[in-house]
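Here are some notes for a colleague who is meeting this structure for the first time. Please read them with the sequence and the model in view.

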Amino acid sequence: MTRKLPLMAGLAICIAACNQEFSKVIPEGDPVDSVNVAFGSPRVLYIIADGARGKSVHEAETPAITALLPNAIYSWESLSDEESAALNGANWADMLTGVQQDKHGVVGNDFSNERLDDFPLLFERIQAAMPNSNVQAYTSAPLFYEQLTTGADDRALLDNDGAVKDAAAAALAAEDITIVTAHFTGIDQAGSQYGYDLSVPQYREAIFGFDQYVGELMETLRARPNYSQENWLVVITSSRGGQYTVPDDENDNTIFSNPEVNTFTIFHSPRYRTRVVSKPFLGIRFQGDFVRFQQQLRGEVTAGDNDLYNLEDEAFTIELKVKKNPGPNNNYQYTYPALINKRERWTWDYVGWTIFLENDFWMFNARGLGNNVGQTRGGTLANATWNSIAVVGVIRDNRRFVRTFTNGQFNNETEITNYGSITNNIPLMIGGQSDNGQADCYIADVRFWKVALPDDVVRQYSCETGIAEDHPYYDFLVGLWPVVGSADNTITDEGPLGSHMTLGGAGITRQYQSDYVCAPSSSDLGALVPRNVDIPAQIVSWLKIPRQESWQLDGRVWLDR
């Protein structure tokens, strides 16, 4: 027999159960670290150093900073704002608002269009959520003081870094302190005058001087009478790196080879376990001597059957890799130069097909015998690194479609049924034509298939180089031109048919390259390591302030597991 509970007892159990369930709900925004929930009295020491390159700080092995790492989430590969790499203002705004410059409006050191009323500073967020908080901020930079310390209970513009350290140490003695921000400029001053690298004595000395300040502040913090019962987060970071010529063998042509945005970030708590956030996997290196296609240099199939490369009423796949050099306007944007084509002339009036560059992306264009013409857009191409391009011709229910892929990811699809047969007697060509825009790029690993490779196969093999005979569709391969390692004026077809190409139309230049294939974009890479904009989100989470969707924070919270 089922026992019935009294009404009030049942309600109590229901409320308790509901509360238990409610406690499991993750607050709006990023997950909250379990430390925030388990321990009370959260407090923050926030230390900012301008101009401290993460690589240099790492190599210095400074004693005070190194001592914090066993209980820290840290990275020597964290990133500042790439758009304002050489100036501090936008980076400071990122670090104190939790949003990027398209929201806070600070561009470089220009605050004339700032929107800090719409995206308030961290200090103001804390004061609004915690009315009894004690927020203090100290700096030796006038612009930082004037623009980015409002909302602090106590703030001061001081003469030098030593005075900033003394003021921050005094603030740490306050029993009710919530957050102390100490902003140091000495490393940046040394770097701007002498150079931003540990090999420069003055820069090295400034890094060790900063480390000594960190050590003194940590001693002061640990000397607090109730330190062991308090819950301290110590954030030590740089607002940006500094200009330095990266050696060629260390340059991967990604954001991680830009020394001006190379920072370091340490989130330290006695309750944290060690987590090192390293540079993410960037891809496979493509190395060798590559033909540089510029002016009207092109390769044409001069051996074999060029009819194989017509796009008739059958499936096909065209793949190639391209690495762009700066174009005519000294950027990476182009106006219609052909990468690979089978056409008498590169205009819409001629039957055939062309894969070409447009602005910062690529396109596939074709005209059939029925005089119908159209094009399909590919994806945006990363600058100064290898991108993989693929066009797949698919037949479904007797209708023809073209699908484009960049670095293995699907871009767009267009129906081309009414184009008719895209057939001519022109040889297959890679590189320039006389009536199109001027390219300056490397083209390699060109593949032609008489089959529509499935999406998963394109995705799996697009960022690899070469084709092994155990490839699941090897029997449909009708052309494989590596281009890399070619000699004289010949580009060898290493596929089963031996349809070799001959180079001509301009002087031949070969250059050694060693870059990644399909390296992620800067925005994608930036999400994989700590960024300036992440720090306010980390601090808000630590202080157990509910993150609101209306704040539109761009940063994430980093956990130690």
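Is phenylalanine 290 buried or exposed? Phenylalanine 290 is buried, with a relative accessible area of 0%, where buried means under 20%, exposed over 50% and partly exposed in between, for a 1.4 Å probe and protein chains only.

1. This is a predicted model, in which local features need pLDDT of at least 70 and side-chain atom pairs count only at pLDDT 80 or more, while totals for chains, interfaces and linings use all residues. Residues are numbered from 1 along each chain as its sequence is written, and side-chain values use heavy atoms, with hydrogens and water left out.

2. The structure holds 18 aromatic pairs, among them phenylalanine 286 with phenylalanine 290, which are edge-to-face at 4.9 Å centre to centre and 75 degrees between the planes. Rings of Phe, Tyr and Trp (its six-membered ring) pair if their centres lie within 6.5 Å, and planes under 30 degrees apart count as stacked, over 60 as edge-to-face and the rest as tilted. Phenylalanine 286 is also buried, with a relative accessible area of 7%.

3. One aromatic cluster is formed by Tyr309, Trp353, Phe364, Phe448 and Trp481.

4. The charged end of arginine 155 sits over the ring of tyrosine 145, 4.6 Å from its centre, a description that requires CZ of Arg or NZ of Lys within 6 Å of the ring centre and within 35 degrees of the ring normal. Likewise, the charged end of arginine 396 sits over the ring of phenylalanine 401, 4.6 Å from its centre.

5. Lysine 544 has a positive phi, near 60 degrees, and is partly exposed, with a relative accessible area of 42%.
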